[in-house]
Amino acid sequence: MAIKKTSNKLPQKAVLKQILKRCSSLGKKQGYNDEDGLPFDVPKGHFAVYVGENRSRYIVPISFLSHPEFQCLLRRAEEEFGFDHDMGLTIPCEEVVFRSLTSMLR
């Protein structure tokens, strides 16, 4: 699977919106809203990520996208997995590291 690099010509906010859109468009599956393709259990203003070896699911606020530390995780996810897959946004780090980082961002 080829890894797509985001263009440096777009403003950072536009790039982050593209990343979120790619990661959130999981199609119309059971448990997903037909209107926007997002899971029913994810509140507005949040998105789901999968972390660690067991791919534990976490719901995080969209505001995390503006934090450089979280952006670093997204870049690592893009390098390792790409964003053009149906597995959901997978963050390549240990759960304890992810929980520690996100607790500091809140």
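1. Strand β1 (residues 46-51) is joined to β3 by two bridges, and the two strands run parallel; strands here are DSSP runs of E of at least two residues, and helices runs of H or I of at least four, numbered from the N terminus. Pairing requires that DSSP finds at least two bridges between two strands. Within β3, T90 is the bridge partner of Y50.

2. This is a predicted model, in which local features need pLDDT of at least 70 and side-chain atom pairs count only at pLDDT 80 or more, while totals for chains, interfaces and linings use all residues. Residues are numbered from 1 along each chain as its sequence is written, and side-chain values use heavy atoms, with hydrogens and water left out.

3. The three strands form an open sheet in the order β2-β1-β3, with mixed pairing. Because β2 (56-61) and β3 (90-91) stand at the edges with a single partner strand each, one side of each lacks a neighbour in the sheet. Helix α3 (residues 95-105) packs on this sheet and touches β1, β2 and β3, contact meaning heavy atoms within 4.5 Å. The direction of α3 makes about 15° with that of β2, where axes are lines fitted to C-alpha atoms, for helices over the stretch in contact, and angles run from 0 to 180 degrees between N-to-C directions.

4. Zero disulfides are found in a search of the whole structure, a disulfide being a pair of cysteine sulfur atoms within 2.5 Å. For C72, the nearest cysteine sulfur is that of C93, 9.8 Å away. C72 is partly exposed, with a relative accessible area of 36%, whereas C93 is buried at 11%; buried means under 20%, exposed over 50% and partly exposed in between (1.4 Å probe, protein chains only).
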